[in-house]
Amino acid sequence: MSSHTPERGAPRTTRWDALFDVALAEAHAASSHGDVPIGAVVCTPGGDILAAAGNEREATGDPTAHAEILALRRAAHLWGSSHLEGCVLVTTLEPCTMCAGAAVVARVERIVFGAYDPKAGAVASLWDVVRDPRLPHEVAVTGGIRAEECGAIIRDFFAERRRPGVEAE
């Protein structure tokens, strides 16, 4: 495996399951207020949940209110530092460039994500922002954990909005 290939997802029963359960719950909550169902969790080096969030772009009118950004902000506040060394960011969808950059700046140890994002993914699919050797901090990546489940909620969300008679958000 090259240094720029994320570790592939493990079977559903993994050490990440409890964190993905929370991230998926956050994703479902986001979709209930019209946001794309993406959820994120930041856990401590010991595996305890520090913060969790779902997308709030539509709910707040804030284009930066991605689940990962909100979870990192909340975690940094609770951690007492903008450097989340040793912490892990778990997210239901491969992070975009903004969220990947935030993970680098926050100095998280690892990103664990569910579904790959071939349109905007910035840790494996289109770019590899978090492991660019020119940056001062590299983030390890594990991808594809519960990918089908994480991808299905996004596909279902958009399929529902494309149905005739359903008004677009």
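Visitor: Which element gives the largest share of the lining of the largest pocket?
Guide: That is α5, with six residues in the lining. Do keep in mind that this is a predicted model.

Visitor: Which elements supply at least two residues each to that lining?
Guide: Both α2 (57–60) and α5 (147–162) do. The lining of the largest pocket counts 27 residues.

Visitor: Which of them lie nearest the centre of the largest pocket?
Guide: Look for Val36, Ile38, Leu93, Asp117 and Phe158.

Visitor: How much space lies in there, in the largest pocket?
Guide: About 530 Å³.

Visitor: And how do the residues of the lining divide into nonpolar, polar and charged?
Guide: For the largest pocket, 13 are nonpolar, four are polar and ten are charged.

Visitor: What about the second largest pocket, what volume does that have?
Guide: The second largest pocket comes to about 170 Å³. Its lining divides into five nonpolar, four polar and three charged residues.

Visitor: Which residues line the second largest pocket?
Guide: Among them are Arg15, Trp16 and Leu19, then the run Cys43, Thr44, Pro45, Gly46 and Gly47. Glu109 and Arg110 also belong to that lining.

Visitor: Back to α5. Which of its residues are buried?
Guide: Cys150, Gly151, Ala152, Ile153, Ile154 and Phe157 are buried in α5. Their cover includes α1 (17–32), β3 (88–93) and β4 (110–115).

Visitor: What should α5 span, and how far apart are its end C-alpha atoms?
Guide: With 16 residues at 1.5 Å a residue, α5 should span 22 Å. The end C-alpha atoms of α5 are 23 Å apart, which agrees.

Visitor: Let's zoom out. How many helices and strands does the chain have?
Guide: Five helices and five strands. Starting at the N terminus, the order is α-β-β-α-α-β-α-β-β-α.

Visitor: What share of the residues counts as buried?
Guide: Of the 169 residues, 49% do. The accessible surface of the chain is about 8300 Å², and carbon and sulfur atoms account for 54% of that surface.

Visitor: Why does Arg146 count as buried?
Guide: Because its relative accessibility is 8%, and buried means under 20%. Arg107, at 25%, counts as partly exposed.

Visitor: What does Leu84 touch, leaving out residues up to four places away in sequence?
Guide: Its contacts include Val42, Leu50, Leu72 and Trp79, along with Ala106, Arg107, Val108 and Glu109. So Arg107, the partly exposed residue at 25%, is one of the residues that Leu84 touches.

Visitor: How far apart are Leu84 and Val108 in sequence and in space?
Guide: They are 24 residues apart in sequence and 5.2 Å apart in space, C-alpha to C-alpha.

Methods
Residues are numbered from 1 along each chain as its sequence is written. This is a predicted model: local features need pLDDT of at least 70, side-chain atom pairs count only at pLDDT 80 or more; totals for chains, interfaces and linings use all residues. Side-chain values use heavy atoms; hydrogens and water are left out. On a 1 Å grid over the protein atoms alone, a cavity is a set of points where a 1.4 Å probe fits but cannot get out, and a pocket is an open set with protein on both sides within 12 Å along at least five of seven lines; lining residues have an atom within 4 Å of a point. Grid points are joined across faces, edges and corners, and a volume is the space filled by probe spheres set on the points. Helices (H or I, at least four residues) and strands (E, at least two) are DSSP runs, numbered from the N terminus. Ala, Val, Leu, Ile, Met, Phe, Trp, Tyr, Cys and Pro count as nonpolar, Asp, Glu, Lys and Arg as charged, and the others, Gly among them, as polar. Buried means under 20% relative accessible area, exposed over 50%, partly exposed in between (1.4 Å probe, protein chains only). Accessible areas come from the Shrake-Rupley method with a 1.4 Å probe; for residues, only the protein chains shown count as cover. The expected span of a helix is 1.5 Å times one less than its number of residues. Contact means heavy atoms within 4.5 Å.
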